[in-house]
Amino acid sequence: MHELSIAQSLVELVTERLRAAGGARIASVDVEVGVLSGVVPAALLSAFEPASRQTPLEGAQLRLHEVPVKGHCPTCGAERDAVSVQRIHCAVCDTPLAAVTRGRELDVIAIEVIDEATDA
Amino acid sequence: MKPRMLEVRTRILKENDQVARVLRDRFDAAGVFVVSLVSSPGAGKTTFLRDTLCRLARTHRIAALVGDLATDNDAARLAESGVPVRQIVTGTVCHLEAKMVEEALGHWRLDQLDYLFIENVGNLVCPSSYDLGEHLRLVLLSTTEGEDKPLKYPTIFNTADVAVVTKMDLAEAAEFDRAAALAAMQQVRPGIEVLEVSAKKGTGMDAWLAFLQARAAARHPAAAG
């Protein structure tokens with residue numbers, strides 16, 4: 001279980017961006033999680049709550065977007081989906097994919113910034 | 001006031017990635033070839049590594065870092081090889097991160113080394129997310145673990161550069177389905193090089209060392225020898 005340390009890195013990164021943007025709090029965070037990132041989405045979601053407590057991210061919504069595996073198919077000569085995470089072969093022609101191009105993401109893609117601290 | 005949406009597009013582990021990049025540059029500048037080892041607990045990482053150290057130490061300058069949750073048993077076993085070994089106690093952390101490697105290296109003179117080995121914590125999940133600055137990531141699978149491990153833990157096999165099947169001497173007793181294991185590894189990491197060894201009987205170790213030295217020579221042509 002390394003999702004708690006991932007969640008802490010996420011909170012640090014977003015807090016940094018929030019300060020740079022001059023905002024007060026975070027309403028939501030969008031994160032892409034590749035199926036080959038080594039991170040379990042459900043575990044990251046449950047780790048986010050304790051990691052965000054008493055930070056500008058407390059109460060923010062964390063939206064995780066799963067990214068399937070894609071790679072270069074030498075037969076099709078194009079980027080193709082993999083059959084599954086257990087079979088990194090072209091979903092169209094079943095040739096083994098030469099290189100994984102997507103599916104390793106663990107990226108913050110967007111944050112929703114609230115500018116003024118409002119009284120609860 | 002209405003919240004505003006900001007595009008960010010940043011790796012969550014960017015700090016780890018940065019430290020790993022700096023480490024890799026440092027390794028390259030020193031001409032040291034760095035190998036990390038990952039596997040489940042009990043797959044034979046330490047035995048395999050000890051054997052590798054013993055054989056390689058005859059002709060090369062080597063050192064090792066060992067990650068362990070709480071004990072220094074593995075470091076003590078590796079030190080039997082006579083090679084300098086440093087322990088990284090991770091405490092409750094289930095994996096090594098680049099900054100732990102950086103701290104453990106301290107002021108070690110990397111330019112006086114040909115190879116550095118980093119034994120990760122026994123874990124097939126968490127280490128896969130963290131770049132340690134290594135040149136080669138080696139995943140071990142023992143014949144006693146079951147041939148479907150690569151399908152259960154595809155990420156770690158997919159991020160590895162080479163796979164080593166250990167305890168080949170026990171393959172028959174464990175009813176290890178070699179063909180199924182090889183197929184599973186090729187499915188999750190097409191084209192992965194697979195080596196088969198038995199540290200106990202010493203088989204496969206020459207092929208592994210030849211593979212390792214070829215990889216090191218390709219990375220640092222000037223330092224090869």
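Predicted model: local features only at pLDDT ≥ 70, side-chain atom pairs only at ≥ 80, totals over all residues.

A: Angles of 65 to 115 degrees between axes count as roughly perpendicular, those under 35 as roughly parallel, those over 145 as roughly antiparallel, and the rest as oblique.

In chain B, helix α2 (residues 45–56) packs on helix α8 (residues 205–219) with the axes 11 Å apart and an angle of about 70°. The two helices, α2(B) and α8(B), are therefore roughly perpendicular to each other. On the α2(B) side the contact is made by B:Phe48, B:Asp51, B:Thr52, B:Arg55 and B:Leu56, and α8(B) answers with B:Met205, B:Asp206, B:Trp208, B:Leu209, B:Leu212 and B:Gln213. By type, the residues of this contact between α2(B) and α8(B) are six nonpolar, two polar and three charged.

From α1(B), the residues B:Asn16, B:Val19, B:Ala20, B:Leu23, B:Arg26 and B:Phe27 meet B:Ala98, B:Lys99, B:Val101, B:Glu102 and B:Leu105 of α4(B). The contact of α1(B) with α4(B) consists of seven nonpolar residues, one polar and three charged.

Next comes the interface with the other chain. Chain A and chain B bury about 3100 Å² between them, and 54% of that area is on carbon and sulfur atoms. Chain A puts 43 residues into the contact and chain B puts in 31. Across this interface, 19 residue pairs are in polar contact, with both residues at pLDDT 80 or more. On chain A, the side that touches chain B draws at least two residues from each of α1 (3–20), β1 (25–34), β5 (87–90) and β7 (106–114). Strand β7(A) gives the most to that side, namely nine residues. The side of chain A that touches chain B is made up of 22 nonpolar, nine polar and 12 charged residues.

Salt bridges complete the account. The whole structure has 21 of them over all chains, and three run between chain A and chain B. One salt bridge joins B:Arg4 to A:Asp115, with the closest N and O atoms 2.7 Å apart. Another salt bridge links the side chains of A:Glu32 and B:Arg9, at 3.5 Å from N to O. This pair crosses between chains, from strand β1 of chain A, which holds A:Glu32, to strand β1 (residues 4–11) of chain B, which holds B:Arg9.

Definitions and conventions
Residues numbered from 1 in each chain as written. Chains lettered and ligands numbered in written order. Heavy atoms only, no water. Axes fitted to C-alpha atoms, helices over the stretch in contact; angles between N-to-C directions. Helix = DSSP H or I, 4+ residues; strand = E, 2+ residues; numbered from the N terminus. Contact = heavy atoms within 4.5 Å. Nonpolar A, V, L, I, M, F, W, Y, C, P; charged D, E, K, R; others polar. Buried area = accessible area lost by both parts, 1.4 Å probe. Salt bridge = Lys/Arg side-chain N within 4 Å of Asp/Glu carboxyl O. Polar contact = N/O pair within 3.5 Å; in protein donor to acceptor, adjacent residues only side chain to side chain.
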